[in-house]
Amino acid sequence: MTDKLHHMTLTETAKALDAGIVSSRELTQELLGRIDRLDGQLNSFITVTADQALAAADRADQCRAKGEAGPLTGAPIALKDIFCTKGVKTTCGSKMLDSFVAPYDATVVEKLQAAGTVSLGKTNMDEFAMGSSNETSFYGAVKNPWDLNAVPGGSSGGSAAAVAAGLVPAAMGTDTGGSIRQPAAYCGITGLKPTYGRVSRYGMIAYASSLDQGGPMARSAEDCALLMNAIAGHDSRDSTSIARGVPNYSEELSAPLAGLKIGLPKEYFGEGLATDVGNAIQDAIKVFEGLGATVREVSLPHTSYAIPAYYVIAPAEASSNLSRYDGVRFGHRCENPTDLIDLYKRTRAEGFGEEVKRRILIGTHTLSEGFFDAYYKKAQQVRRLIHQDFLDAFEEVDVLMGPAAPTPAFDLGAKKDPVSMYLQDIYTIAINLAGIPGISVPAGFSNGRPVGLQILGTHFAEARLLNVAHQFQQSTDWHLRRPEFAEENA
Amino acid sequence: MQWETVIGLEVHVQLATQSKIFSGSSTAFGAEPNTQANAVDLGLPGVLPVLNEQAVAMALKFGLGINADIPEVSIFDRKNYFYPDLPKGYQTSQMYHPIVGRGEVEILLDDGSSKIIRVHHAHLEEDAGKSLHEDFHGMTGIDLNRAGTPLLEIVSEPDMRSAKEAAAYLKAIHSIVTYLGISDGNMAEGSMRCDVNVSVRPKGQEAFGTRAEIKNVNSFRFVERAIAYEVERQIELIEDGGEVIQETRLYDPDADETRGMRTKEEANDYRYFPCPDLLPVVVDKAYVDHLRETLPELPAEKRARFLNELGLSAYDAGVLSSSRETAEYFERVKDVCGDAKQAANWVQGELSGALNRDNLDIADSPVTAEALGGLVARVIDATISGKAAKQVFQALWNGEAESADAIIEAKGLKQVTDTSAIEAMVDQVIADSPAQLAQYRDAEPDKRGKMIGYFVGQVMKASRGTANPQQVNALLKAKLDALC
């Protein structure tokens with residue numbers, strides 16, 4: 001059993017812990033050992049919190065001994081380094097926060113601790129979550145465990161790679177334009193972006209506040225449901241979190257799919273979609289038809305405006321959100337500033353990487369006098385149209401399906417032109433603009449690199465998405481495939 | 001050429017909430033630097049604002065107090081600029097959809113007339129921290145205790161035409177916010193500050209001249225002086241063939257002048273956009289109606305009532321209604337003594353003089369309204385003379401006793417109204433003053449009125465001030481005339 005510990009899902013982990021096959025401490029030690037041995041090649045962690053993890057594992061074991069264990073007690077997880085963790089360095093993948101130790105825990109972190117999970121550390125990410133390949137991180141690129149020449153996707157690339165490589169069964173990510181779903185697809189794992197407002201953003205370092213949403217990344221939809229049970233819900237510290245009852249996401253997983261109406265947005269199967277990816281998605285659709293679902297084509301007519309609208313709104317919000325990194329109170333400060341302007345200029349020039357600077361400049365420009373109406377206001381109008389597209393589609397069908405990304409993971413360093421990088425998010429970005437939930441599940445391979453199927457639902461349809469994904473995973477084994485890299489002795 | 005001054009004011013009022021507008025930190029003034037700044041106030045990564053309902057309620061009360069439109073929805077925007085005491089690099093404010101719409105404020109002018117100043121809108125925003133330039137040897141200290149204190153910015157229309165009107169407007173705003181209890185109005189502690197927009201134009205011209213904005217003026221007096229200086233500067237500039245440029249200026253009270261800070265070209269582009277961390281504020285009618293019911297009587301209503309129902313002069317009504325404390329004090333005195341005019345005279349006269357002399361606020365008066373009311377009541381029922389009353393007031397002021405009655409008793413100041421007792425004193429004084437009596441007799445009858453004063457004085461002296469002067473006067477006149 002112990003040689004398979006690192007392949008277990010959270011659900012299996014809970015069973016093994018309950019059965020006394022392994023203790024939380026043993027499991028934690030095993031995974032910390034793997035991180036120690038393997039992560040040098042992957043670079044999926046920025047900070048490993050071994051001591052805190054072992055202490056938390058001991059607490060979990062004591063809790064279990066007293067018969068007080070819940071479904072996540074002792075479950076090892078990792079946190080994208082965008083979540084503030086009290087007393088632990090929280091870098092957001094940036095030199096700007098290289099020395100920043102958060103004095104408080106994010107709401108999501110508090111909730112996961114309360115559920116008894118054991119955090120192994122903080123995972124690598126694109127700087128300030130700006131990127132689709134994890135190459136913008138100050139801490140260096142992350143490698144894809146399926147192919148060390150490929151990117152893991154981004155911005156939650158570290159979380160995706162760590163889960164795929166068997167370093168941790170699940171991790172938290174965040175998704176502003178696809179940052180959970182695209183790396184989940186590239187790394188062959190399951191990743192859910194919840195409805196905007198479903199999971200608290202308090203303590204989650206802001207990139208684009210009206211789009212950011214935290215969510216689970218794991219080896220199965222069942223595991224994502226377990227994590228959602230722990231993290232979803234209203235938070236009085238986040239005004240945009242929604243006061244609405246949280247269902248038990250695990251309970252609805254087994255509902256049969258007979259009669260499920262699936263819509264295929266025709267705009268998601270057009271030019272730019274790699275043939276292998278398209279074929280894998282079509283095969284997945286057939287699985288659903290076999291489960292009794294009906295399929296029809298739908299249209300999301302404003303899809304082509306999603307990327308331009310996103311690249312106005314997100315940088316605008318980012319330009320403002322990142323103003324606080326000024327060298328005055330925390331984070332990087334340049335040496336020997338001659339005056340205030342020099343302090344600002346050099347601190348920010350030194351502390352931010354190229355992509356972050358690019359987006360701050362774009363956002364500053366689009367918000368400036370004389371341009372606001374043409375850019376920001378227009379983009380918000382487009383956003384409403386995109387939102388309406390989805391509402392119209394969900395009048396006709398229960399869920400939408402399509403590829404999570406147009407291609408499988410690309411090679412490290414392959415996308416030098418920012419716009420070609422931005423186009424990787426063509427199928428994920430509109431979902432954030434509309435605020436609806438989406439999940440990516442493994443659905444095949446293209447030249448040995450995973451392909452992700454994206455399933456979308458209307459607002460607060462997470463339980464339905466997890467049910468649909470789980471039923472797919474009961475009929476397929478894509479999610480059970482493990483990269484060779486994960487087998488140390490292979 | 002005749003010039004006309006045009007003035008508009010932006011008044012920043014710190015709201016008297018317990019905690020900050022977007023965080024739970026205390027707003028108390030004067031704490032050790034940075035002891036009232038939590039993660040939200042420091043703008044740490046990941047923190048989010050949560051709107052303080054008390055700040056919303058206070059802003060709405062102000063709106064109701066000036067009969068303003070209350071829009072159903074207001075929206076917070078971010079005003080982006082870099083400054084060390086602005087932790088997030090933006091100020092959360094309301095640019096396009098303020099919480100309070102158009103309203104009106106009535107101001108009182110020195111000639112007793114009044115004028116309506118229109119309020120364009122009032123919006124909520126957060127205060128910045130403070131930069132401390134002393135004590136840090138070439139460095140700047142940052143104190144973020146003030147950061148996040150709720151501010152209501154009240155923006156007037158350019159309706160004022162003189163420095164006096166601007167000061168009167170500022171006083172009216174001060175009086176409204178303190179009446180409503182939404183601010184302590186303490187200008188010395190920065191609870192109220194204002195930016196003044198000033199321009200001049202040839203009398204009769206409709207178009208406005210180019211304006212200058214004088215930032216952060218923090219006293220009634222400085223507002224008048226800054227405007228006076230600025231108007232003169234602009235007129236001189238134009239008359240010398242120059243042109244006023246649109247710019248931000250600073251008033252230096254020590255030099256008594258305004259100085260240019262930055263011109264419009266150098267001005268920040270604040271890149272306003274709706275704050276994505278805060279939801280639009282939706283105010284339903286029931287909530288507004290509920291707040292309306294809690295409103296106290298405001299200065300304008302009070303003034304009208306003092307004038308029309310209590311019969312006070314326009315001047316007294318204006319002064320006595322100008323602050324909530326003064327009005328409450330006066331009304332208490334009136335209730336205790338039962339006479340509004342007498343109460344007004346005493347509050348405006350003896351009390352106000354003593355307060356000014358000792359530089360005290362009415363709230364700190366050593367003489368309570370009850371005690372003063374009790375004193376005035378004794379004047380009205382003729383228990384004591386006006387002269388004795390002043391003595392009693394002084395004793396109350398010195399804290400010699402709690403009530404006027406106790407002092408009257410202790411000092412034996414009770415007025416003698418017993419006619420026979422007074423008559424005896426009058427007879428004695430006439431008997432003791434043969435020379436004065438002779439003069440009185442010899443005088444022309446129309447001169448005698450003045451000469452009677454001597455005798456009155458002697459009788460009052462003999463009674464140690466306790467004789468009723470009216471009675472003494474009447475008796476003396478009768479007796480002396482009988483001797484003529």
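A: Helices (H or I, at least four residues) and strands (E, at least two) are DSSP runs, numbered from the N terminus. This is a predicted model, where local features need pLDDT of at least 70, side-chain atom pairs count only at pLDDT 80 or more, and totals for chains, interfaces and linings use all residues. Residues are numbered from 1 along each chain as its sequence is written, with chains lettered from A and ligands numbered from 1 in the order in which they are written.

Q: OK, how many bridges link S2(B) and strand S13 of chain B?
A: Two, and S13 (residues 273-274) runs antiparallel to S2(B). Arg78(B) has Phe273(B) as its bridge partner there.

Q: And what's the partner of Arg78(B) in S3(B)?
A: That's Thr92(B). S2(B) pairs with S3 (residues 90-97) of chain B over five bridges, also antiparallel.

Q: Where does Ser74(B) come in?
A: Ser74(B) sits opposite Val281(B) in S14(B). S14 (residues 281-282) is antiparallel to S2(B), with two bridges.

Q: Why is S2(B) largely enclosed?
A: Because six of the eight residues in S2 (residues 73-80) are buried. Buried means 20 or more other C-beta atoms within 10 Å of the residue's own, with C-beta atoms placed from the backbone.

Q: Switching to helices: what about H2(B), how many of its residues are buried?
A: 15 of the 18, so H2(B) is largely enclosed by the rest of the structure too.

Q: What follows H2(B)?
A: Gly181(B), with a positive phi near 70°.

How values were computed. Buried ≥ 20, exposed ≤ 12 C-beta atoms within 10 Å, placed from the backbone. Pairing = 2+ DSSP bridges.
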